[in-house]
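Colleague: I would like to learn how to read a model of this kind. Please take me through it one feature at a time.

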Amino acid sequence: MSDHQDNRETGFASGEKSTELAAAPGHLGRWDFLRYGAAAGLGAIALLNSQPAKATQVNRVVTAQPFAVSPIPGVLDLYINEGYLRMVDRSLVYHRGFGDRPSNLNDFSPSLAVTPKVFTADGRLVESRSYPLGAPLPPHGTPQPFGPDPANPGQYYIRRNYWASYYPQRTIIAEVGGRIRIRIQNRLSKPHQFVLHGAGPDRSDVGTGSIDPGGTALLELDTPAPGTYIYADPTNAPVERVLGLFGVLLVVHPEHQWAIGEDLASFERQWLWICHDVDSVWAGIEASGGTVDPRITKAVPRFFLLNGRSGFESLGITTDDALNLASEEETLISGYPRQLDVRQFGEGSELGTVRGGQLVRMVNPGIVFHQMHFHGNHLWTVGRNNYNWPRRNGFVDPEGHVVIQQWEDVVELEPMDRKDCIIPIKRPPDAINPVWDARTTDWEYPMHCHAEPSQTAAGGLYPGGLVAHWTLKAPIKGAAL
Amino acid sequence: MSTPSHRFRSQVDFSSEQLDLDNPVTEFRQIPQRSVALEFFSRDLKFSDGKIFTVWSFESNSSGRSLPGPTLRPKEGEIFHAKFTPSKGAHTIHWHGMEPDPRNDGVGHTSFEIGGTYTYQWQAEPGRPGDPNYGAAGTYFYHCHVNTVLHAQMGMFGALVVDPVVHPSYPVSLGARRPFVDGPEYDIATESILIPYSVDPRWHKMHHAAGLSGEDAGLNRFEPKHFYLLGGNLAKRGNTDGRTWSLSSIPANVVPGVRKPTLLRILNANYLPNRMYFTDPAGKPAKIAEIIAHDGRPFRDTSVPGAPSLPSGASGNPLFTSVLCFGAAERYDVILRPPTAGRYQLRVEWEDWITGKILAARTVPIIAG
């Protein structure tokens with residue numbers, strides 16, 4: 001029992017070698033966690049005496065000490081690493097990822113995602129969880145209002161072009177006018193790639209090509225047009241992406257940092273939501289040296305994540321203050337109620353409205369058709385895959401999607417899709433007046449994927465999957481008119 | 001109450017320790033203009049292909065036990081009450097797409113689950129002609145939000161249609177209605193709803209709290225074996241006690257004609273993407289579907305700030321199509337505009353939620369006359 005608990009809570013025993021996937025008889029090893037990951041939190045003890053030690057064949061580059069390449073000014077070094085991540089049910093699942101420091105399989109805290117970095121227009125590379133650089137940080141992620149809206153009691157004017165936004169792990173930001181310079185080192189035993197999907201000429205993919213084990217490649221390009229781009233390893237697609245080799249490039253025009261782009265919708269702050277689905281069986285095959293054939297081993301995701309978290313961890317209601325705060329800053333949308341007109345989000349104007357919403361950029365590097373459902377407010381969808389939707393003369397595309405800016409309470413998010421939506425953060429329209437007028441507390445509303453199997457973890461534990469909420473902040477005492 | 005401040009040590013604790021209140025109070029209770037009493041039921045129901053599955057759903061005093069639950073139809077501006085008395089464990093009702101305060105939103109972890117009885121209260125926001133910021137009229141559904149992945153699949157849902165206020169500038173002809181305040185008139189007698197639904201038989205043998213204690217119930221694997229088109233003519237559901245309400249054909253008025261055109265409401269009540277194709281009597285794609293609204297909100301021309309935003313059709317840009325794609329929980333409102341009488345067809349496909357592969361298809365005739 002104690003060995004098992006130690007492994008779960010503190011990572012792997014310090015004496016473990018990186019290639020020792022098999023456990024000694026009577027002990028629960030890493031391989032066992034993979035195979036029985038979902039049961040590890042509950043029934044793992046039964047496995048100790050009932051399962052024989054599992055022989056594994058592992059073939060990977062092993063280094064006694066992590067090593068880093070010599071840094072080059074203005075160049076982002078990414079390392080293709082592997083390691084184990086703890087899922088929301090506390091099981092450990094093998095992952096790969098683009099980290100920003102070298103790490104090894106047996107590291108307690110492997111580097112499998114980049115801490116947000118910014119390529120500035122003037123050629124600098126800056127590590128920052130927030131952007132625009134130097135903008136005030138919203139407390140707990142919540143932009144504070146400018147002041148009461150005299151025309152709408154209980155509601156507020158927002159501050160325009162003021163608050164920074166926080167970004168989740170795996171985010172790379174680049175400013176238009178600059179260059180993106182990324183050096184990728186493959187620390188694993190198979191060839192890998194780094195590809196920026198749609199960031200090349202005419203929206204083509206641009207990437208490193210295959211990088212041999214131990215090899216390094218440099219990718220350099222002019223920053224593409226403003227928008228969101230998925231970076232991933234397309235090798236054996238979608239397997240390497242599912243294993244964790246993905247992230248998001250967010251491109252911003254430095255003169256329009258609070259807008260999707262020039263003459264496009266502006267916002268109070270923005271949120272970048274990155275979806276991911278984890279298949280433990282695929283992870284187990286790859287961890288043991290095999291190669292997944294997705295045609296033979298059908299994907300069966302077992303964990304569903306938003307910005308790297310699931311269930312109560314994504315909702316920020318754990319006993320870990322730091323984790324809760326990170327969720328509040330990066331994921332859990334919040335703001336003060338404001339009046340809003342969807343006909344004007346400040347497109348093409350100097351000042352725009354003082355009653356704008358917040359932007360939610362939903363990105364799906366996962367493999368599930370997600371259906372992002374918001375309670376409390378409909379969202380106004382302004383574009384898909386860096387195409388701004390028209391406000392008039394809409395159409396239905398050949399696949400059957402309606403292309404015009406529109407209200408939605410469920411936002412379709414196909415694999416590799418990116419949607420830009422404005423959440424108004426307005427009074428929930430169907431609340432009765434006396435209840436609204438008597439409001440003294442925050443009102444919280446769920447956001448969840450309505451492809452409901454994504455609301456599970458390890459086959460159950462509802463709501464333990466791709467879930468979040470958003471908060472309509474309570475009136476500020478003395479400020480509301 | 002509306003702000004969950006409790007912290008949890010584990011996901012198991014969170015999943016299994018939702019706040020369960022016997023008889024929570026309806027705050028600022030008003031006199032309703034529309035009310036319904038709903039109860040939970042569990043029974044074996046006969047589906048259109050003769051198959052029988054255990055279904056959990058809602059019933060009212062007059063609805064009988066069927067799937068989907070009774071169609072609810074309040075109007076904009078009305079105070080709506082739904083007195084809900086669950087049984088066999090706690091349940092809630094979430095009014096999907098309606099946006100009341102959290103206590104009336106029907107989600108356990110942001111308010112409470114109901115052990116005894118609770119009366120939900122909300123007021124659908126009235127629409128204003130030409131204004132894209134107001135108005136709730138449209139197609140919705142209601143469903144249980146407890147262990148939702150299981151309870152919604154078990155059948156705990158029903159259609160919710162919000163009718164618009166009538167504005168003096170947009171009067172309504174005899175026998176007709178509008179889908180939203182300044183929307184096009186449609187024929188009440190032929191108004192229909194189509195609800196794709198599918199059944200994974202393995203799930204229909206589970207218990208109320210399956211998976212919540214951390215056991216692997218396999219609820220990440222939705223593998224339906226049976227595919228259905230629920231729904232039918234909204235004015236003529238009739239007695240469906242003991243069986244599902246199933247769509248076998250869709251009437252459609254030829255336009256232009258004496259009668260107003262037919263409105264088809266669409267609700268995806270399963271967990272898979274659906275795609276539908278309209279074809280003419282010769283089997284060729286037929287752009288007879290004018291898409292007028294999505295998720296309870298009309299498509300409008302919003303290109304001029306401060307100016308009236310006309311519905312897409314009225315602005316000279318109707319959204320005609322022969323194909324429509326829609327995923328879980330989405331709703332679309334479609335005006336059918338067949339130019340001639342005859343037997344058109346609507347083919348509905350279900351797709352795998354990962355690969356997009358077509359899993360099944362069902363076809364129903366559209367009888368244009």
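Modeller: What follows goes through confidence, fold, interface, domains and core.

Colleague: What ipTM and pTM does the predictor give the complex?

Modeller: This is a predicted model, in which local features need pLDDT of at least 70 and side-chain atom pairs count only at pLDDT 80 or more, while totals for chains, interfaces and linings use all residues. Residues are numbered from 1 along each chain as its sequence is written, and chains are lettered from A and ligands numbered from 1 in the order in which they are written. The complex has an ipTM of 0.97 and a pTM of 0.91. pLDDT is the predictor's confidence in each residue, from 0 to 100; chain B averages 96, and 99% of its residues score at least 70. Where pLDDT is low, the predicted coordinates should not be read in detail.

Colleague: How many helices and strands does chain A have?

Modeller: Helices (H or I, at least four residues) and strands (E, at least two) are DSSP runs, numbered from the N terminus. Chain A has 9 helices and 29 strands.

Colleague: How many residues of chain A are in contact with chain B?

Modeller: A contact is a pair of residues whose C-beta atoms, placed from the backbone, lie within 7 Å. On that basis 75 residues of chain A are in contact with 77 residues of chain B. On chain A, β28(A) gives the most to this side, with 4 residues. By class the side has 36 nonpolar (Ala, Val, Leu, Ile, Met, Phe, Trp, Tyr, Cys and Pro), 14 charged (Asp, Glu, Lys and Arg) and 25 polar residues (the others, Gly among them).

Colleague: Which domains does chain A have?

Modeller: Domain bounds come from an automatic or database domain assignment. For chain A it gives domain 1 (6-123 + 170-260) and domain 2 (139-165 + 264-273 + 299-472). Between them, 22 residues of domain 1 of chain A are in contact with 30 residues of domain 2 of chain A. β14(A) gives the most to the domain 1 side, with 4 residues.

Colleague: Which residues touch the most other members of the largest nonpolar core?

Modeller: In soluble globular proteins, nonpolar side chains tend to be buried together. A nonpolar core is a set of buried Ala, Val, Leu, Ile, Met, Phe, Trp, Tyr and Cys residues joined through C-beta atoms within 7 Å; buried means 20 or more other C-beta atoms within 10 Å of a residue's own, with C-beta atoms placed from the backbone. Here the largest core has 213 residues, and Leu249(A), Ile422(A) and Ile291(B) touch the most other members. Domain 1 and domain 2 of chain A both give residues to this core, so it lies between them. Beyond four places in sequence, the contacts of Ile291(B) include Val396(A), Val402(A) and Phe299(B).

Technical notes:
Contact = placed C-beta atoms within 7 Å. Buried ≥ 20, exposed ≤ 12 C-beta atoms within 10 Å, placed from the backbone.
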